[in-house]
Amino acid sequence: MEINEIGVIGAGQMGNGIAHVLALAGYEVILNDIRQEALDGALASIRKNMDRQVSRGKIDAQTMDAALGRIRTSLKLRDVGPTDLVIEAATERETVKHAIFEDLLPFLKPHTILTSNTSSISITRLASRTDRPERFMGFHFMNPVPVMQLVELIRGIATDEPTFASCKSVVDRLGKTAATAEDFPAFIVNRILMPMINEAVYTLYEGVGSVRSIDESMKLGANHPMGPLELADFIGLDTCLAIMNVLHDGLADTKYRPCPLLTKYVEAGWLGRKTQRGFYDYRGDVPVPTR
Ligand code: CAA
């Protein structure tokens, strides 16, 4: 099936990145959120990130203007319904995602493919609450979306082949690479990445290293572009904790228990970059470790 118009639900850091790359690839995009400020913020971020691509010679100004012209915003889920493909990128909480799909169903065209950008929640379970489990998939982008090459494609137990082929063709048109993952907790990237981040938090919790020494060790000793604590702040500590809980609950293995220090940061509302405080404090000119 040919995909022309794509609805993106949730205008946070993932949703705005997804809208950005889809519009640049020539898709008509409807970006939806329940808050006008989120939509305004998303458009500002997209403009800033595209400006950066223009100044680095990755795209020209005309391409940027045309892409921005392909993004419409809406506060109403009904506007997302008549698209060919929906990518849900709302908060990483299963109840929120179920509610969104339930509210969206009455407005969908029969052929609309539903997908979720969930980083860990069961695709089969999300699909089972809709009227089209065979036309439902996981479509998981990495952050920052305009830079990261990978998209994980996850089939639920009922996903049919035309749905998979349509989603794969979108990934190809974005110039990104699709990795196929089976529908088990946290799929591939987060099944491996999150226990590493959680272990870095344990390393801090047990006093083996400081924030700075842990991050420096992994940057200089393992050639990671960001240290694990810096990366956790970048992803969002609430998202990291949510994924560890999905692994712990879904695989019932104590090796996935979230570090109590990670829980404490989330309880404090220190969620990383988005709240300006996490393992680093971002309120000044340079990030300062908080421990
Ligand atoms: N939009 C567009 N371009 C962007 C961008 C954005 N949001 N952020 C960075 N860039 C571009 C820059 O313009 C720059 O482009 P050039 O190479 O053409 O110069 C390039 O990316 C590198 O950026 P910077 O020079 O500013 O910074 P950097 O070299 O420190 O790289 C980084 C930044 C790409 C984020 C790098 O630190 C990195 O790769 N970090 C690891 C990211 C990662 O692991 N992401 C996965 C997280 S896990 C996930 O997303 C899954 C999940 O479900 C939680």
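The questions and answers below concern a predicted model of a protein chain with a ligand.

In this predicted model, local features need pLDDT of at least 70, side-chain atom pairs count only at pLDDT 80 or more, and totals for chains, interfaces and linings use all residues. Residues are numbered from 1 along each chain as its sequence is written, and side-chain values use heavy atoms, with hydrogens and water left out.

Visitor: What separates the centres of domain 1 and domain 2, in Å?
Guide: The bounds, from an automatic or database domain assignment, are 5-181 for domain 1 and 191-279 for domain 2. Taken over C-alpha atoms, the distance between the two centres is 26 Å.

Visitor: How many residues of domain 1 are in contact with domain 2?
Guide: Contact means heavy atoms within 4.5 Å. On the side of domain 2, 6 residues take part, and on the side of domain 1 the number is 6.

Visitor: What area do domain 1 and domain 2 bury between them?
Guide: Buried area is the accessible area (1.4 Å probe) that two parts lose on being put together, summed over both. Carbon and sulfur atoms hold 63% of the area between domain 1 and domain 2, and the value is about 510 Å².

Visitor: How many salt bridges does the rule find across the interface of domain 1 and domain 2?
Guide: The rule asks for a side-chain nitrogen of Lys or Arg within 4 Å of a carboxyl oxygen of Asp or Glu. Across this interface, the number of salt bridges is 0.

Visitor: Which polar side-chain atom lies 2.5 Å from an oxygen atom of the ligand?
Guide: For H140 the distance from a polar side-chain atom to a ligand oxygen is 2.7 Å, and for N190 a polar side-chain atom lies 2.9 Å from a ligand oxygen. The 2.5 Å distance belongs to a polar side-chain atom of R56.

Technical notes: A polar contact is a pair of N or O atoms within 3.5 Å; within protein, one must be able to donate a hydrogen and the other to accept it, and residues adjacent in sequence count only if both atoms are side-chain atoms.
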